[in-house]
Amino acid sequence: MSVVEKTGLPPGAEAPLVTGGHTFASISNKISEIVERKTSMVWLLSFGAAFSFVLLLIGSIGYLFWEGTGIWGLNVPVGWGYDIVNFVFWVGIGHAGTLISAVLFLFRQRWRTSINRFSESMTLFAVICALMFPAIHVGRVWVIYWVFPLPNQMGMWPNFRSPLLWDVFAVSIYFTCSFLFWYVGLIPDLATLRDRAVTRVRKFVFGLLSFGWRGGNRQWKNYELAYLILAGISTPLVLSVHSVVSTDFATSVIPGWHTTIFPPYFVAGAIFSGFAMVMSLAVVARKLLNLHDFITVDHLEKMNKIMLVTGMMVGYAYACEFFIAWYSGSIYESFAFINRAFGPYAWAYWIMVTCNVLVPQLFWVRKWRRTVAVMFVASILINIGMWFERFVIVMSLARDYLPSSWDYYKPTIWDVATLVGSFGLFFTLFLLFARFVPMIAMSEVKAVLPQADPHHGGTH
Amino acid sequence: MATTTQKRVYSVLAEFATSGELLKAAEKVRDAGYRKFDCHSPFPIHGMDAAMGLPRSKVGYIAGISGLCGGLFGMWMQWWTSSVDYPVVISGKPYFSFQAFIIVTFGLTILGAALGAVVGMLFLNRLPQWFHGNFYSENFKRFSDDAFIISIESDDPNFEPERVRKFFETIGGRNIEVVAGE
């Protein structure tokens, strides 16, 4: 009986996915309104702020193209700095979106419907930010097309045996598949906006974008199978993309990088940081757009549980790396790890451990797992920690085999400007999305209402 | 109707109250021998394929074949560029080091299957479609909001507007409408 008292539900019953007694029509109204109503002041101000960072990004990239990568803090052992750190960080952020939309779909986790649209959008925007870094870091950016297998005047083809080229394929295919998944999910909702449109412009634009969707079962039948297939093939992508990114490191012979734990460890970290970003965005969107009925505390709690699990995986990976460094008997390997914890970058290492291993432990306590303020702060700390995780890994370069070549990497103002600018780009895209595209998948949320079931009420 | 302006009749629509009623009505429409009809709803309704007597979707075959093509193309492309057209010795590896080519092959398989699933779905659904006769109906637009609508289309061999209207009345349809336009 105590179970009933605590949750207000009988044992074994699931909490309602959507609260507030919504009907099909009220869902369409509530979500479409966000797109249809006048632009709010809060939106304009946040867009202005985010866009000013995009200008900063454009400026710093422009100067980079003009002057070359010498404007960054790179030096001889550390040939990769913020560019790769930011790349791995942003690719990782994307993973929660795919996990929510694909893996949870296959596992029939119906709670995903309230959060899948904006976590998928987050994936797209994060991958755009990610793709930018390898593109701009090449130095001679005007020959970036050399990474694609395009016939060129030199009769030259890319080297398919290089993990860096695998990255090009893995990340751009990941982007394409995420985009298709996102867009297919949008078609029925764009049709809703088309059918509600009052102005000619809106009728035209949404008419074009919704492809003439008629929601007939002959269409739903193909649609649902296509969606299922997209979910099924995006699932191995969740695992493969970050594994391929990690092989950039793992196929090298730098101590601390040349390890087989990298692919699973990177994937767990990616999902961990991705959920943290979904959490930060969900908490804000839910508050500003009044979406409490759709994104309930139960949704947030479930995400916190995933963060707890993946946070522990990441913590296990840190411990395992240390153990193997000692157990392998390789002096270079054990030096690399002792140096991480107690060397010149010890500060970054301990920020990483605090944010990624200690902070998620808060979520063992049910009350904290369900307190919005706690999860918001924790999610931001986790994102900071996960950025430092990539920083710590890359900084293994600073002290390699030869003490004579050791150096200390310090970012310049341009490194920082590009990083901050990439956040500006991410938030600008996200704000545009929140303004012009339905934030929550209306057709999917309608389908999880109890009255959507044809057997509801025992009439059938 | 067809006196002064020659209006073409596209379909007859009827609305049903719930997804359960739509499902039952679909079975009756199917049993009455109509073939060119569709059940429009704001979300997919499970069990509707059987109720309408529809075969399984073919999207899977299209996605499978295009995925296979993507994978074969990926392996062929890497073999041809790395060992035929532009052979370069890299770290003493063989020209056709297929192990290194698995990742791009895998990626292109996924890409092929994803494009196949989406393009195949659009093709089988005859999308993008700029206009459809049902869009002449104001009430039809509510399918994307909260309405459950059956439309029997004019190219059905049994189509005769008045008879269809009466049939819808007998099975409990509401807001029955004969859709006609230019």
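Predicted model: local features only at pLDDT ≥ 70, side-chain atom pairs only at ≥ 80, totals over all residues.

Biologist: Which elements of chain B give two or more residues to the side that touches chain A?

Modeller: On chain B those elements are α1 (19-31), β2 (37-40), α2 (48-52), α3 (59-85) and α4 (98-124), and α4(B) provides the largest share of that side, with 17 residues.

Biologist: What's the make-up of that side by class?

Modeller: The side of chain B that touches chain A is made up of 43 nonpolar, 16 polar and 13 charged residues.

Biologist: And how many residues does each chain bring to the contact?

Modeller: Chain B brings 72 residues to the contact, while chain A brings 57 residues.

Biologist: How many salt bridges and polar contacts are there between the two chains?

Modeller: The count of salt bridges between chain B and chain A is zero, whereas 27 residue pairs are in polar contact across the interface, with both residues of each pair at pLDDT 80 or more.

Biologist: Switching to cysteines, how many disulfides are there over all chains?

Modeller: Over all chains the structure has zero disulfides. For A:Cys177, the nearest cysteine sulfur belongs to B:Cys69 and lies 16 Å away.

Biologist: Is A:Cys177 buried or exposed, and what about A:Cys320?

Modeller: A:Cys177 is buried, with a relative accessible area of 2%; A:Cys320 has a relative accessibility of 18%, and because the cut-off for buried is under 20%, A:Cys320 counts as buried too.

Technical notes
Residues numbered from 1 in each chain as written. Chains lettered and ligands numbered in written order. Heavy atoms only, no water. Contact = heavy atoms within 4.5 Å. Salt bridge = Lys/Arg side-chain N within 4 Å of Asp/Glu carboxyl O. Polar contact = N/O pair within 3.5 Å; in protein donor to acceptor, adjacent residues only side chain to side chain. Helix = DSSP H or I, 4+ residues; strand = E, 2+ residues; numbered from the N terminus. Nonpolar A, V, L, I, M, F, W, Y, C, P; charged D, E, K, R; others polar. Disulfide = S-S within 2.5 Å. Buried < 20%, exposed > 50% of the residue type's maximum accessible area, 1.4 Å probe, protein only.
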